[in-house]
Amino acid sequence: MKNSPAQFSKPAFLFVLFAALLVSCRKEKNIKEEIRFEIPANFPAPKYNFSSNPVTTAGFELGRKLFYEPQLSRDNTISCGSCHISFSAFTHHGHAVSHGIDNRLGIRNAPPVMNTAWSDEFMWDGGINQLDMLPIAPIENPVEMDLEFAIAVQKIKNNPAYPPLFKAAFGTEEITGPRLLQALSQFMNMLVSANAKYDKWKRGEDNVQLTADELDGYHLVQQKCASCHSTDLFTDNKFHNNGIRSTFTIDSGRAHITQLPQDVGKFKTPSLRNLKYTAPYMHDGSFATLEQVLDHYAQGVKYSPTLDAELQKNGILGIPLTAIEKQKIIAFLNTLNDEKFVKDRRFAEQ
């Protein structure tokens with residue numbers, strides 16, 4: 001017996017209903033995730049003043065677009081993201097020093113952009129003391145983006161894609177330098193790396209345990225490295241001469257800013273986080289591997305008048321380290337690699 005029209009349409013109706021529900025579910029997944037800054041339980045209090053520039057979803061999205069905007073360079077080829085690549089923990093992985101506009105070379109390694117909310121001095125020499133002012137330096141630097149900041153702002157004003165984004169972020173379509181900088185700060189402040197194996201162990205999450213070698217390495221770092229690489233940020237955010245060179249004619253470090261002889265050869269302590277993704281190491285990219293870094297501290301430290309006191313105790317240069325201790329330290333350092341951070345699609349160019 002043939003199916004009646006009503007009998008035939010029922011399964012068809014159910015199929016259409018199922019398809020509609022599937023589309024609805026997909027749309028739900030595509031709804032914008034609310035962006036919110038959160039302090040990891042094992043981190044100290046941030047230094048950034050969020051009361052004057054709280055992170056919002058619209059502000060973060062505007063900041064992300066600006067971070068990857070090549071119009072902020074003279075010839076529209078270089079963005080912040082050109083030298084601070086998301087999957088390299090926002091460094092220029094593999095480059096001792098960064099390649100800027102016209103393939104010009106600087107004299108310093110691109111530092112990672114992460115955990116910025118916990119710092120109030122930026123660049124290797126601390127030349128910028130407010131995150132909201134930080135982007136001006138690379139934008140105007142002749143070997144990086146080589147563009148007057150006022151012209152960069154005007155270029156953004158002339159781009160029809162931006163007024164609606166500024167309105168969403170700040171309430172009106174007005175595009176100003178301070179607003180542009182605040183949006184970039186909102187994006188950078190969301191670049192929080194705090195989900196490595198170490199963090200989960202420290203916070204007692206997911207029953208994560210360190211291996212014997214990792215735990216030994218942790219204690220060695222606390223004993224031999226924590227005078228500079230302190231707190232769970234693994235940096236004191238201060239400036240030290242770590243004996244890379246005995247003279248500093250090319251780059252005087254902190255003294256370039258302070259003009260004080262006691263600051264010659266001092267550079268900001270980098271974090272020990274995400275070292276898997278950020279080689280080469282040191283302010284000038286001197287070392288390609290962690291083994292080379294530890295060899296330097298064990299037997300390669302060079303004396304100069306401003307050498308850090310921790311590296312010349314009892315008349316001995318460097319930090320005594322055995323081969324086994326180096327292996328254990330590296331085992332621990334690998335627990336600070338935050339794969340979730342470097343693979344977070346929210347932070348990548350859209």
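Reader: Why is Arg 36 called exposed?

Author: Arg 36 has a relative accessible area of 56%. Exposed means over 50%, buried under 20%, and partly exposed in between (1.4 Å probe, protein chains only); therefore Arg 36 counts as exposed. This is a predicted model, in which local features need pLDDT of at least 70, side-chain atom pairs count only at pLDDT 80 or more, and totals for chains, interfaces and linings use all residues. Residues are numbered from 1 along each chain as its sequence is written, and side-chain values use heavy atoms, with hydrogens and water left out.

Reader: Why is Glu 38 called partly exposed?

Author: The relative accessible area of Glu 38 is 48%, so Glu 38 is partly exposed.

Reader: What makes the meeting of Arg 36 and Glu 38 a salt bridge?

Author: A salt bridge requires a side-chain nitrogen of Lys or Arg within 4 Å of a carboxyl oxygen of Asp or Glu. For Arg 36 and Glu 38 the N to O value is 2.7 Å, so the pair meets the rule.

Reader: How do you know that Arg 273 and Asp 199 are buried?

Author: Arg 273 has a relative accessible area of 1% and Asp 199 one of 0%, so both are buried. Their side chains also meet in a salt bridge (2.6 Å, N to O). Arg 273 lies in the loop between β2 (267-268) and α11 (290-300), and Asp 199 in helix α8 (residues 197-203), so the pair ties together parts that are 74 residues apart in sequence. Helices (H or I, at least four residues) and strands (E, at least two) are DSSP runs, numbered from the N terminus.
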